[in-house]
Amino acid sequence: MKPVTATLVALSLTAAVMVGPVQAAVKIQEVTSESGVTAWLVEDYTVPIVAVNFAFEGGSTQDPVGKEGLAELMSGLFDEGAGDMPRAAFQEALDLSGAEMSFNVSPDAFYGSLRTLAEDREEAFRLLRLAVNQPRFDAEPLARIRAQMIAGIEARANDPDQAASIAWANAIYGDHPYSRRSEGTPETLATVTADDLKTLHENLFARENLVVGVVGAIDAETLKAELDRVFGALPEKPELRAVERVEPKLDQEIAVSFPVPQASLRLAFPGVERDDPRFFAAYMMNHILGGGTFSSWLFDEVREKRGLAYGVGSSLVNRDHSSALMIGTSTRADRAGETLAVIRDVIARMASEGPTEQELADAKSYIVGSYAINNLDSSAAIAGTLVQLQMDDLGIDYIDRRGDFIEAVTLDEVKAAARDLLSTQPAVMIVGPDASFGGQ
């Protein structure tokens, strides 16, 4: 580890410890540069670090049919040479700067991040500008990263979780882009060319679909100049493929035979959009049902009382073009039917009875109190939260208002959410040896 990188790591650990006392007073500024790039900024001079997170809306759903894996492959190439700097020169400069740069992709967005010491900000932002604006996609890195991705896909070919994810997406989303594998297949990756990467980059990276979150030792005026330097030369508008909304296909049973000693179980119910007035009631209900892990109904009945699984949980899954409530667990293959029956019983009880007033009060206390720990415990975490709040269009004062939204939820609203979401016949999948439902 180079000395400057070691310093950044040490300061990051210090920031994670020191952010606690100030996280309740996070002050977010909206900063707009001359070129129209907007960022949310939290100035913090506790430690001399600047953390930048950003996202371009439009992710692996933008992969053309037959070239699945294109966006994910591109995400691995941004630090493999940019501008007039081939891979070795770019990575040497990145190492000497002490900055940490990363890129990744989801179905709905392409993400990037940078962390740097404040004193090295200019060089770090220069390298980020090159990566964002002029990625090289040279032949050797392209071939190497593609080979790594293919090796990973082949290594996971016998992974039951991978098989479950593929079968689940196909069953739930049909021919929608959400059903396609974001990492692609060996066959689709083999078709990707440097021209494909350049086209996707040109179509996706634009100012209109960009959101930015910045935390650390940088003021608003300095940030405006850096926003223009890094993002100001990008096209104003992206050229994105239209992605239609899709409702998960429920009321179906999917059995996938896979020669492993454990069986995986998944269930899907209707979800709630993030801007739906019922969202917080559904969120509280889900926490009590299975989102609270060690305190949830599912954990108590499936693991604590019966020892059927190591873990079980539920979550509200909100994507740009779909939403669902998902439940998942793994158990011994010979106890899959019993485990599924217990899960169904818990769901039926939640739908018919709902939680108690005390359970709701406990959930509120935990959810309000844990937000800062889960989302504001470091500069990088805060920067990521700022990006997600913008992508969800929740408003710059959301952190201040969130507690009030949660406290306002009534028990009747939670019970109504349980009835609305859990009374529907779900999609259910079993993956395991001789998988079948056997009358369940």
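Mentor: Let us start with charges and rings. A charge sits over a ring if NZ of Lys or CZ of Arg is within 6 Å of the ring centre and within 35 degrees of the ring normal. Here Arg319 lies over the face of Tyr178, at 4.6 Å from the ring centre. Likewise, Arg303 is placed over the face of Tyr310, at 4.8 Å from the ring centre.

Trainee: On what basis are such values given?

Mentor: This is a predicted model, in which local features need pLDDT of at least 70, side-chain atom pairs count only at pLDDT 80 or more, and totals for chains, interfaces and linings use all residues. Residues are numbered from 1 along each chain as its sequence is written, and side-chain values use heavy atoms, with hydrogens and water left out.

Trainee: What is the mean pLDDT of the protein?

Mentor: pLDDT is the predictor's confidence in each residue, from 0 to 100. The mean for this protein is 92, and 93% of its residues reach 70 or more. Over residues 13–24, however, pLDDT stays under 50. Where pLDDT is low, the predicted coordinates should not be read in detail.

Trainee: How is a pair of aromatic rings described?

Mentor: It is described by the distance of the centres and the angle of the planes. Rings of Phe, Tyr and Trp (its six-membered ring) pair if their centres lie within 6.5 Å; planes under 30 degrees apart count as stacked, over 60 as edge-to-face and the rest as tilted. By this rule there are 16 aromatic pairs. One of them joins Phe56 and Phe231, edge-to-face, at 6.5 Å centre to centre with 70° between the planes. Phe56 belongs to strand β3 (residues 49–57) and Phe231 to helix α9, 175 residues apart; helices (H or I, at least four residues) and strands (E, at least two) are DSSP runs, numbered from the N terminus.

Trainee: Are Phe56 and Phe231 buried or exposed?

Mentor: Buried means under 20% relative accessible area, exposed over 50%, partly exposed in between (1.4 Å probe, protein chains only). Both Phe56 and Phe231 are buried. Ring pairs also link these two into a cluster with Phe54, Phe78, Phe103, Phe110, Phe137 and Phe205.

Trainee: Which residue has a positive phi of about 50° although it is not a glycine?

Mentor: That residue is Asp251, located in the loop between α9 (220–231) and β7 (252–257). Asp251 counts as exposed because its relative accessibility is 58%.

Terms used: Contact = heavy atoms within 4.5 Å.
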